Amino acid sequence: MKTRKLRDIEVSEIGMGCMAFSHGYGQIPEETYSISAIRKAYDYGCTFFDTAEVYSPNLSGIGHNERIVGKALHDVRRNVVLATKLHIATEEPQKDGSVYKTLRRHLEGSLERLQTDYADLYYLHRFNPDIPIEDVADGMGKLIEEGLIRGWGLSQVAVDTLKKAHEVTPVSALQNIYNMLERDCEKEIFPYCMENHIGVVPFSPIASGFLSGKITVDTKFEKVDDVRNFVPQLSKENIALNQPILDVLAKFSRAKGATNAQISLAWMLAKYPNVVPIPGSKNEGRILENLGASKVTLTSGEFTELEAALAKCVIHGHRGTVESSKHSFLDVKNQ
């Protein structure tokens, strides 16, 4: 698979979001299945794996997903890029003595679960307005100096927060929601990141599965721990109203001998050289299908035609960038 850079960290041009093995999409698979699926993604050519300390069944504990990723990739650790995330609750820095000490305490737990002595990329999962982002950036800089992380990033922030952080310690990657239905990042985030050599790592690049075309008005999501129940584009009304997007994708997927999901990923790869999407799934077949988008190349003419067709579509339902969370655990509706 081709590679791209998140500042100075080289990764496969499509990564793998691992959350669904632990949380967010209903019943989770058996651990052996999850480990096997991660290894098959690696064998396919994926070298970039994304997890977080908070990804656990029903958000009821810490580290379930990190442990799975650590087990799956332990023996190929030096060949892969591991990204994980933390959330800082308001009271933690005061208890620990500083923001840096809080960062390091969380990181040490993640490293133990991931079976490694460093993380390639360490994200602040959500910005807490009670904790100055400059203090977080300074602490991340210390972790880089100590060799505990190679780079750091932010998730779901606006450009002003990103600027404040980047001026203290250069940011390697920004992980915001971005897909054909959620294009807020095109206004300010992408221009700023391009100018400052920051990678953009879109989560939910297939719009929680909508862009695959496999979700219909008759699709029923699991009642427990399935974030799709809260995604506005996946209401029955909006699934029907957003059908023109799927019609556009179907036209191109037929012409290219690809799937809708692959076209949606190929579109963003063609659009921005600093974008590295991390589609997530708990289904091995879907994981390999998504990684297969690396083999789909849109010509300049095809890309222009696709952009023009998308511009005519009206989007119904919007998640947007929810910049902050002050809770100890992340609101599942905002994953």
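Contact, as the word is used throughout this text, means that heavy atoms lie within 4.5 Å of each other. The structure is a predicted model, in which local features need pLDDT of at least 70 and side-chain atom pairs count only at pLDDT 80 or more, while totals for chains, interfaces and linings use all residues. Residues are numbered from 1 along each chain as its sequence is written, and side-chain values use heavy atoms, with hydrogens and water left out.

The chain as a whole comes to 12 helices and 9 strands, where helices (H or I, at least four residues) and strands (E, at least two) are DSSP runs numbered from the N terminus. Its radius of gyration, taken over C-alpha atoms, is 19 Å, which agrees with the value near 20 Å that a compact globule of 335 residues would have; the globule rule behind that value is 2.2 Å times the number of residues to the power 0.38. The C-alpha trace spans about 55 × 45 × 35 Å along its principal axes. Of the contacts with a separation of 6 or more, 76% are between residues 24 or more positions apart.

Of the 335 residues, 58% count as buried, a class that means under 20% relative accessible area, with exposed set at over 50% and partly exposed in between (1.4 Å probe, protein chains only). The chain exposes about 13600 Å², of which carbon and sulfur atoms supply 50%; such areas come from the Shrake-Rupley method with a 1.4 Å probe, and for residues only the protein chains shown count as cover. As for charge, the mean positions of the 39 positive and 43 negative charges are 4 Å apart, with Lys and Arg counted as positive, Asp and Glu as negative, and His and the chain ends not counted. Each charge is placed at NZ of Lys, CZ of Arg, CG of Asp or CD of Glu.

A polar atom of the arginine 4 side chain lies 2.6 Å from the backbone oxygen of tyrosine 272. That distance falls under the term polar contact, a pair of N or O atoms within 3.5 Å; within protein, one must be able to donate a hydrogen and the other to accept it, and residues adjacent in sequence count only if both atoms are side-chain atoms.

Tyrosine 25 sits in the loop between β3 (16-17) and α1, and it is buried at a relative accessible area of 17%. Leaving aside neighbours within four places in sequence, its contacts include Met19, Ser208, Glu222 and Lys282. Its C-alpha atom is separated by 25 Å from that of alanine 89, 64 residues apart along the chain.

Helix α2 (residues 64-73) holds lysine 71. Because 7 of the 10 residues of α2 are buried, the helix is largely enclosed by the rest of the structure; among these buried residues are Ile68, Val69 and Leu73. They pack against α1 (31-44), β4 (48-50), β5 (81-86) and α4 (99-114). Lysine 71 itself counts as partly exposed, at 43% relative accessibility. Beyond its neighbours within four places in sequence, lysine 71 is in contact with Glu31, Ile35 and Gln115, and its side chain is joined to that of glutamate 31 by a polar contact of 2.8 Å.

Glutamine 115 is 44 residues from lysine 71 in sequence, with a C-alpha to C-alpha distance of 7.5 Å. It is found in the loop between α4 and β6 (119-124), is partly exposed at 35% relative accessibility, and has a positive phi of about 60° although it is not a glycine. Glutamine 156, in the loop between β7 (149-155) and α6 (159-168), also has a positive phi, near 55°, but counts as buried at 2% relative accessibility.

A polar atom of its side chain lies 2.8 Å from the backbone oxygen of proline 232. Not counting residues up to four places away in sequence, asparagine 238 touches Pro232, Gln233, His316 and Gly317.
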